[in-house]
Amino acid sequence: MYKEQNFQIKNLKIREQYLTEKRKNPKKFMRRLDLSWSIWMFGIEPFENSLKRLKRNGLNFVEIKGDTSISIDEIKNALKEYDMRVSGACGLFPPSRDLSSTNQEIRENAIEYLKNLTKYVSEVGGRYIIVVPSAVGRNSAIDSEEFSRSVQTLKRCSEYFDKNDVVGAIEPIRSAEVSLIHTVDDALEYINAVNESSFSYINGDIYHMLNEEKHIGEAILKCGERLINLHIADSNRDAPGKGMIDIDTVIMAAYIIGMNEPGRFLTFEPLGPYPDPYVLSSQKCMVDIMDNLVKESVAYFKERENIVRALQ
């Protein structure tokens, strides 16, 4: 007699919960998910070109790269022309601005960076900044105190977030890339340690969840109301539908926790099947590849969302 595998049993439980809650409170499920795109992977191209690509594929939100090199007027003019809005910003935390560094100058760099970025994101209408508690690209701990150093450094930034009405979303990242905060439980522990209302949110990523969590859907449910943004890429970090992640379960879990409420987003971040996807940020945009990546990602996700929404 056939018996479902453990992950299938968990998928079915989420499906049952989705259908049960939908029947009890159909109004909660009427509004669709707000979809955004993290454009740092587009590399070097005019901001207007990035928006044009997203808009023609039916997106209304954009997650900007976490730097201030593009003028605010350029961003505002392009947003107005294409009738789009900024969801938030993908904060960039290389070793030179590591919140957990033993080097005080580097920690001060991180504080100054977030001070400037909060003002910038606020002025272009963004709601959140993704915060990575340690340097991206360093996966070995410096020492046993890096968690507490990161916490104390980020606490000093709370006034800038509060002043500019922007929130910080802590992102758990797979252990192959960072030394701190790999799971939702890790993020919750970190948020409790920081203990500032401006840093009470999570930025999830289903690719990292696949690597670090027991089950993606359960991890999304555990985030609950704290999940302000969820990055979308498949098991091979390519477009959704190009790998093995159960996108339907992701969508159901997102609706269960109210990710379709205004001010919460599902943001595409498929970096493509490249040996080193991070080089995309600093090279000339591969227009044809990115055009196709956006087209395929959005079309497939919307198809699956329609199927999920039609379930009774």
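These notebook entries record what I looked up in a predicted model.

**Basis.** I worked from a predicted model in which local features need pLDDT of at least 70 and side-chain atom pairs count only at pLDDT 80 or more, while totals for chains, interfaces and linings use all residues. Residues are numbered from 1 along each chain as its sequence is written, and side-chain values use heavy atoms, with hydrogens and water left out.

**Entry 1: the sheet.** I looked up the strand order first. Eight strands form an open sheet with parallel pairing, in the order β1-β8-β7-β6-β5-β4-β3-β2. Strands here are DSSP runs of E with at least two residues, and helices are runs of H or I with at least four, numbered from the N terminus. Two strands count as paired if DSSP finds at least two bridges between them. β1 (35-37) and β2 (61-66) stand at the edges with a single partner strand each, so one side of each has no neighbour in the sheet. I noted that neighbouring strands are turned by 30° against each other on average, direction ignored.

Entry 2: I then followed individual pairs. β1 pairs with β8 (residues 265-268) in the parallel sense over three bridges, and the bridge partner of Ser36 in β8 is Thr267. β8 also pairs with β7 in the parallel sense, over four bridges; Phe265 of β8 stands opposite Asn229. On β7, Asn229 also stands opposite Asn203, and the parallel pairing of β6 with β7 again runs over four bridges.

Entry 3: I found helix α7 (residues 184-194) lying across β5 (167-170) and β6 (201-205), at about 160° to β6. Angles run from 0 to 180 degrees between N-to-C directions, and axes are lines fitted to C-alpha atoms, for helices over the stretch in contact.

**Entry 4: α9 against α10.** I looked up the packing of α9 (residues 216-223) on α10 (residues 247-256): the angle is about 15° and the axes are 9 Å apart. That makes α9 roughly parallel to α10, a term for angles under 35 degrees. Ile216, Gly217, Ile220 and Leu221 of α9 meet Thr249, Val250, Ala253, Ala254 and Ile256 of α10, contact being heavy atoms within 4.5 Å.

Notes. Angles under 35 degrees count as roughly parallel, over 145 as roughly antiparallel, 65 to 115 as roughly perpendicular and the rest as oblique.
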